[in-house]
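Here is a short note to read with the model open beside you. Take the points one at a time and find each residue as you go.

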Amino acid sequence: MASQPEIRLRSRAAPADNPALPSAGPCTGSGTERHRAITIRRCATIPLYARLVRYGFRKHATYVWAALAGAFTNSVFGVLRAYVLIALWDARPGLAGYDVVHAVTFCFITQAFIGPMQLFGGGLTVPERIRSGDIALDLVRPASLQLWSMAEDLGRAGYLALARGIPPLLLGAALFGIVWPAGAGHWAAFLTAFAAGWAVSFAWRYLVALSVCWLVDDRGANAFSLVLTTPCSGMMVPLVLVPGPLGEVVRATPFAAMVQAPADVYMGTADVPRTLALQAFWAVALLALGALGTRAIRHKVVIQGG
Amino acid sequence: MVSSYLVLVWAWTRAAMAYRASFALMVLLGSVITATDVAVILVIFANTTSLAGFSRDEALFLYGVAGVAFSLCDMFVSNLDRISQHIKAGTFDAMLIRPVSPWIQMATDRFMPSRIGRVLQAAVVLGYALAVLDLDPGRLWMLPVMIVSGIVIFASLWTLAAAAQFVLTDAPEVTNAFTYGSGQLTQYPFSAYGRDLVRGVTYVLPLAFVNWQPGLYVLDRADPFGTPGFMRFLGPAAAVVLALLAALAWRQGLRHYRSTGS
């Protein structure tokens, strides 16, 4: 008795098959009754990626202590770097358009970026899956590998922004005092720049990860990426200090778009539209390259025998 | 003990040398990565002639001394901080039943000879600073003393960090703040840091004896924080005390080690 209405409900909620088409056998395919139902599911991409973002977040939220330990280390390095920059701005007040408080803020905001932007590289599962051959499975999934990884990485970045981004800022504020964005518009600009910086960071790391397909070992590519990211992003020293044409070049790299650009927007020392344009340019360019790379590895995987 | 260390190091070196191109690339990239630290110092001194009372070449001298000691330890001892991975994976149990000290097995675990690039890079900076600074030759005897005590201090720090990981298996990254943080701290003249911080790294964690106190003697400078002159020569004593504490902590860690049972 009790189970009967439930069954009725279920049958009512079943996906509406297309009665105009012939009934579906065990092998559903195009031109059968079930076909439309499958297409609807395949189009349900937004919930799929939203779920992946959540899984990425939860996956990293499992390691609370590791994240807090990372936040602690980032904060300690922030303090050490802040002292050095304070000594520099004591010697040269107003250098490069920054005050001492800007220099200190820069130290802590860049340390806060290390987690979410994954500035030391990695963070993606793609290299491991290429080595193990599991990537063959990922490539036949009815979802783009790039978007899939991006959604997971967004969840990771979101969690680390909370767990590893906020503590260094609070410590910097408590020890030295830092600037905060003034007003909702400023916050919105910063969050946009932060998201754009993350997109550039993901696009770059995805390209590095794909290189494993050709290089087999990812250590070389990772070290190469680190060599470029560490000095050119601004996490060691504000790029505004780099003199001459070298400075111009460094400030236009995708690495500057990950750290220097959002930090400048945060402190209000940037021309916001120009900064966002630079970030958008690099995000689009690197994501497009990543999409081409994803197409290329499909062929590569077949050659390797999967 | 030394011979088993060398045997293990040689075994890992041969393994690394199997991929010669990769090895050469790692040496190159490793020295470039540490060279960014020097690049930062140069960028800072491109904007000022003196940082916290020290010239560029004096700062490079202090950087070079600490860099040589730190990168040697990074090469020969720092593998210790992978111990929490071995504890979690259960592979540390195997190390305990082998007839070689677990400290030696851990220190040589996945030894990376390619880190020699970092040592060379720091040595080049130190050589440059010694060449351009007009130092009193009568004070240069301190140089080998400070490098050796620096090595002992950093090696003890890594041992302490490894011992702490017996307790901190879930968050071994905390110890990076002390090991790599010390490397970062000793890159700059301590006069740049706050008075309380310098007190802490003089009297609690004796990092001031790596390059700051003895370096003041070599450079013939007075301490801006006004510590008495005999402190310049306490480096070896501080190193020995820290080494004893580290050995004690490591033994305690081993004694209280409980296998994961896997």
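**Notes on two helices and a chain contact**

1. Helix H11 (residues 219-233) of chain A packs against helix H2 (residues 20-47) of chain B at an angle of about 15 degrees, their axes 10 Å apart. That angle makes H11(A) roughly parallel to H2(B) (angles under 35 degrees count as roughly parallel). Axes are lines fitted to C-alpha atoms over the stretch in contact, and helices are DSSP runs of H or I with at least four residues, numbered from the N terminus.

2. This is a predicted model, in which local features need pLDDT of at least 70, side-chain atom pairs count only at pLDDT 80 or more, and totals for chains, interfaces and linings use all residues. Residues are numbered from 1 along each chain, with chains lettered from A in the order in which they are written.

3. Which residues of H11(A) meet H2(B)? Among them are A:Gly220, A:Phe224 and A:Val227, and on the H2(B) side the list includes B:Leu25, B:Val32 and B:Ala39. Contact here is C-beta atoms, placed from the backbone, within 7 Å.

4. Zooming out, the contact takes 30 residues from chain A and 30 residues from chain B. On the side of chain A that touches chain B, H4(A) gives the largest share, 15 residues.

Conventions: Axes fitted to C-alpha atoms, helices over the stretch in contact; angles between N-to-C directions. Parallel < 35°, antiparallel > 145°, perpendicular 65-115°, else oblique. Contact = placed C-beta atoms within 7 Å.
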